[in-house]
Amino acid sequence: MKMIVGLGNIGTKYDGTRHNTGFMVVDEFARIHQAPFSKHQMEANLATTVINGEKVLLVKPSTYMNDSGRAVRPLLDYYKIDIADLIVVYDDMDLPVGKIRFRKKGAAGGHNGIKSLIAHLKTQDFDRLKVGTDHPQKTTVVNYVLSKFTATQQPLFDESVDHSISGLEDWVNGMSIADLMNKYN
C-alpha cells in the first residue's frame, strides 16, 4: 500500500489558499481516480483507490498544517505502511508558481507542516512533492500563504497540479525519486 499525504488547513476559510496546495493536489488526484474522501480516521480525512493493482491511501490531516505529523504517524502504524511508501505533497514558496519538485529527503526548510512530520516520524528521509507558490512581494508570509492565487497565477498553478498528478501516478507505479526528479523537476 502507498500513502499520499496532502498538507493543508481544514475549514472553508482556507479553501483555495496557497497553503492548501497539498490538499488541492490530493483532492484532484482523488477526483480523477474516483476516490471520494468518505472516511475520517486518526485525525485525517481518507480516500482509497487502486492504481495498476497498487492500493493507494490518500490522506488530508485534519490537525491543521502545523501538527500534520500527529495524524500521519498513527496512520502509517495502523496500516503498516513503510515510510518508503509515503509521499507528502505541500506548498513551497521557494519555487515559482507552475513548478514542481520531487525530493527524497531533507530538512523542513521553514515549513511547519514538514517540521511536524519530521518530529513525529523521527526522520527526514521521506519522499516529498513540493509545489511552487512563489515568494510574497508586498505582504507578510502568513498573509501570502493564506491568500489565493491571482488570476495570472491560477493557470500556472492548475498546470502544476496536472504535472503533480502525473508524477504521483508515476511514483505509485514504482518510478524512483531520482527518475521523477529527472522527469519533473
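In the UniProt record, an unreviewed entry, the annotation "binding site" covers Tyr14, Tyr64, Asn66 and Asn112; positions follow the numbering used here, feature names are shortened, and such annotations may be inferred rather than shown by experiment. From this set, Tyr64, Asn66 and Asn112 belong to the lining of the largest pocket. On a 1 Å grid over the protein atoms alone, a pocket is an open set of points with protein on both sides within 12 Å along at least five of seven lines, and lining residues have an atom within 4 Å of a point. Tyr64 is located in the loop between strand S4 (54-61) and H2. Helices (H or I, at least four residues) and strands (E, at least two) are DSSP runs, numbered from the N terminus.

The model is predicted: local features need pLDDT of at least 70, side-chain atom pairs count only at pLDDT 80 or more, and totals for chains, interfaces and linings use all residues. Residues are numbered from 1 along each chain as its sequence is written, and side-chain values use heavy atoms, with hydrogens and water left out.

Helix H2 (residues 69-79) and helix H3 (residues 112-121) have axes that come within 8 Å and cross at roughly 40°. Axes are lines fitted to C-alpha atoms, for helices over the stretch in contact, and angles run from 0 to 180 degrees between N-to-C directions. Contact (heavy atoms within 4.5 Å) is formed by Gly69, Arg70, Val72, Arg73 and Leu76 of H2 with Ser116, Leu117, His120 and Leu121 of H3. Four nonpolar, three polar and two charged residues make up the contact of H2 with H3. Here Ala, Val, Leu, Ile, Met, Phe, Trp, Tyr, Cys and Pro count as nonpolar, Asp, Glu, Lys and Arg as charged, and the others, Gly among them, as polar.

The axes of helix H5 (residues 153-172) and helix H6 (residues 177-184) come within 10 Å, with a crossing angle of roughly 155°. H5 and H6 are therefore roughly antiparallel to each other. In H5, His163, Ser166, Gly167, Asp170 and Trp171 meet Ile177, Leu180, Lys183 and Tyr184 in H6.

Helix H1 (residues 21-32) also approaches H5, their axes coming within 10 Å and crossing at roughly 60°. Thr21, Met24, Val25, Glu28, Phe29 and Ile32 of H1 make the contact with Phe157, Val161, Ser164, Ile165, Leu168 and Glu169 of H5. By class, eight nonpolar, two polar and two charged residues take part.

Definitions and conventions. On a 1 Å grid over the protein atoms alone, a cavity is a set of points where a 1.4 Å probe fits but cannot get out, and a pocket is an open set with protein on both sides within 12 Å along at least five of seven lines; lining residues have an atom within 4 Å of a point. Angles under 35 degrees count as roughly parallel, over 145 as roughly antiparallel, 65 to 115 as roughly perpendicular and the rest as oblique.
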